Amino acid sequence: MATIEVKVPDIGDFDEVSVIEVLVKAGDKVKAEQSLVTVESDKASMEIPSSAAGTVKELKVKLGDKVKQGSVLIVLEADGAGAVPSPQPSPAGGRGSEASSSASTQAPAVPSPSPASAGEGRGEGVRPQTTEIRVPDIGDFKDVAVIEILVKPGDTIKAEQSLITVESDKASMEIPSSAAGILKELKVKIGDTVNVGDLIGMLEGVGAASPSPQPSPQRGEGASPVAVSAAVSPSPAAGEGRGEGVRTPPTAALPPHEPTAPTANLPHASPSVRKFARELGVPLDEVKGTGPKSRITQEDIQAFTRAVMKGETTTKAVGAKPAAAGGGGEALGLLPWPKVDFAKFGPVERKDMGRIKKISGANLHRNWVMIPHVTNHDDADITDLEAFRVQLNKENEKSGVKLTMLAFLIKACVAALKKFPEFNASLDGDQLVYKQYFNIAFAADTPNGLVVPVIKDADKKGLFQISTEMGELAKKAREGKLGPADMSGACFTISSLGGIGGRYFTPIINAPEVAILGVCKSQMEPVWDGKQFVPKLMLPLSLSWDHRVIDGASAARFNAYLGAILGDFRRTML
Ligand code: CAO
């Protein structure tokens with residue numbers, strides 16, 4: 001199997017760029033074109049894709065590293081078919097002599113620079129009164145979206161001042177003005193898609209830097225590169241060398257100018273983070289960045305979303321609307337909460353909600369809104385199990401530990417989670433995290449509200465130990481003494497109302513878990529055994545599951561398996 005060094009491709013004129021995100025780790029399988037790292041300069045950020053498919057053997061960069069063209073990013077054990085083993089140095093770029101005993105390859109250029117002759121054939125153009133500013137050569141990118149407009153008509157623009165930001169799914173870049181002058185007209189708006197040569201705006205007046213708008217015959221088969229070059233050319237010096245076969249970097253990446261005021265106010269985030277924010281409708285400029293140089297990370301977007309969902313913060317757009325009691329629904333396009341003067345109808349007393357209720361309420365609300373819940377109801381025959389439990393408790397009366405039905409349910413759930421691992425998983429972006437430990441939480445009713453302590457490593461504990469720990473945790477819960485460690489790390493939750501009553505209910509999943517079992521009060525029922533009705537102690541089960549992760553058939557099998565175990569506990573040993 002070939003070993004490939006995946007290197008930073010030609011990224012234009014960037015001398016050194018910082019690695020701001022590492023998107024893979026050793027052992028990961030990557031596809032060709034899959035992004036490996038995000039790099040960022042002061043003007044552009046871009047994801048650098050892998051040039052081949054394979055398994056990451058070694059990471060050669062870490063967050064904060066400075067890299068440049070040719071820096072090795074990863075060592076890849078290439079899949080036969082996916083590998084692109086030959087290095088891609090450009091003779092024009094002076095790298096043609098590079099050789100390596102192991103196959104060495106540049107990731108595809110992002111953006112790939114234009115061929116050599118962009119500056120050729122300009123001639124001595126007459127300085128026009130009005131200059132067209134067009135999208136420069138931005139390499140292989142097509143139909144890039146305009147995501148920010150940094151200037152407005154009437155602004156005085158300096159040469160090299162950024163005008164707009166464009167973004168593909170792999171890179172975002174600011175497009176600078178090739179000339180100085182007054183912006184007469186903008187020809188693009190946010191959301192437009194643009195390509196090389198598209199008109200961005202019209203400048204009037206003073207010193208256009210790249211005067212000739214004429215197409216260059218030497219440019220090759222490109223559609224309209226010269227207008228582009230007028231927009232691109234960052235400085236006479238950069239234009240001059242082109243005729244000598246020096247590769248022209250995408251000017252969008254080039255300009256060494258000082259950021260202008262609007263640029264300085266722009267939120268700092270990588271393209272993938274911007275995309276993520278847009279998908280969620282999160283206004284980036286309201287998110288506080290916690291990354292280096294206050295860069296906004298994906299976690300920042302998630303934290304902002306969580307805070308909005310919990311009602312701890314609101315977006316400016318929503319905040320600007322008239323306040324509504326019970327707020328938050330407007331963000332989802334819902335009607336405002338009804339505002340009623342209850343005192344009009346009779347005496348009332350107002351009390352602040354307790355801390356636990358506020359916290360658990362916000363969590364439940366988020367989980368209810370964000371998880372597509374389905375609940376399957378079933379019954380388990382626990383006639384023999386209950387008799388066994390009663391007998392064990394009688395035998396162990398003196399020990400002071402009482403075996404509860406919940407302890408049996410915890411053990412039964414561990415067996416079912418082992419058999420159906422997707423129930424012991426969590427969603428993390430596009431990935432499922434399968435947990436190989438079995439921490440089971442149980443809902444406990446306390447005077448202050450609902451809390452959910454966790455029995456850790458329930459698979460390694462016996463029924464008596466589980467019952468003992470449950471008793472201790474339930475006592476701590478009632479006394480308000482549970483610490484964060486007592487309530488974290490759960491894989492699956494059981495909510496038992498068996499000691500209280502009821503038949504079935506629809507428990508809300510405790511994110512990031514993907515399922516929860518609700519249990520109600522068992523009762524004797526006539527059950528048909530094929531010949532006759534026999535009295536059986538039936539336990540109602542209600543399993544809520546996240547339909548993004550679990551299918552209905554799996555949920556039915558999970559419940560059936562749980563029922564079989566509770567019907568005959570010896571099956572846990574199988
Ligand atoms: N069917 C019939 N009886 C049951 C039963 C069931 N499924 N589960 C428990 N019981 C019985 C017990 O055997 C016990 O009876 P005895 O006192 O005669 O022995 C009695 O009910 C009380 O049990 P319990 O509820 O105190 O104990 P537990 O181990 O079953 O539960 C705990 C402990 C902490 C889970 C429970 O006290 C509790 O807080 N339950 C409420 C959970 C809750 O609020 N869920 C809703 C969350 S969503 O809002």
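This is a predicted model: local features need pLDDT of at least 70, side-chain atom pairs count only at pLDDT 80 or more; totals for chains, interfaces and linings use all residues.
Residues are numbered from 1 along each chain as its sequence is written, and side-chain values use heavy atoms, with hydrogens and water left out.

For threonine 3 I looked up the accessibility: it counts as partly exposed because its relative accessibility is 27%, where buried means under 20% relative accessible area, exposed over 50% and partly exposed in between, with a 1.4 Å probe and protein chains only.

Next I turned to the sheets, taking two strands as paired if DSSP finds at least two bridges between them. I found an open sheet of four strands in the order β10-β17-β15-β12, with antiparallel pairing. Its edge strands, each pairing on one side only, are β10 (130-134) and β12 (156-157). Within this sheet I followed β15 (residues 181-186) and β17 (residues 199-204), which pair in the antiparallel sense over four bridges, and I saw that glutamate 185 stands opposite methionine 202 in β17.

I then looked at β19 (residues 425-428) and β20 (residues 431-434), which run antiparallel and are joined by four bridges; leucine 427 has leucine 432 in β20 as its bridge partner. The hairpin of these strands has two residues between them, and there glycine 429 takes a positive phi near 65°.

In helix α4 (residues 271-280) I listed Pro271, Val273, Arg274, Phe276 and Ala277 as buried. Just after α4, I noted that glycine 281 takes a positive phi of about 75°.

I went on to lysine 461, which lies in the loop between β24 (454-455) and α10 (463-478). Lysine 461 counts as buried because its relative accessibility is 14%. Its side chain reaches the backbone oxygen of lysine 456 at 2.7 Å, and a polar contact of 3.0 Å joins the side chains of lysine 461 and glutamate 469. A polar contact is a pair of N or O atoms within 3.5 Å; within protein, one must be able to donate a hydrogen and the other to accept it, and residues adjacent in sequence count only if both atoms are side-chain atoms. Leaving aside neighbours within four places in sequence, I found lysine 461 in contact with Lys411, Lys456, Ile466 and Glu469, contact meaning heavy atoms within 4.5 Å.

Last, I looked up the ligand, which 19 residues surround, the closest being Lys402, Asp445, Ser495, Cys520 and Ser522; a residue is near a molecule if one of its heavy atoms lies within 4 Å of it. I found that β22 (444-446) and β25 (492-496) each supply at least two residues of the shell. A nitrogen atom of the ligand is 3.2 Å from a polar backbone atom of serine 496, and for serine 522 I read a distance of 2.8 Å from a ligand nitrogen atom to a polar backbone atom.
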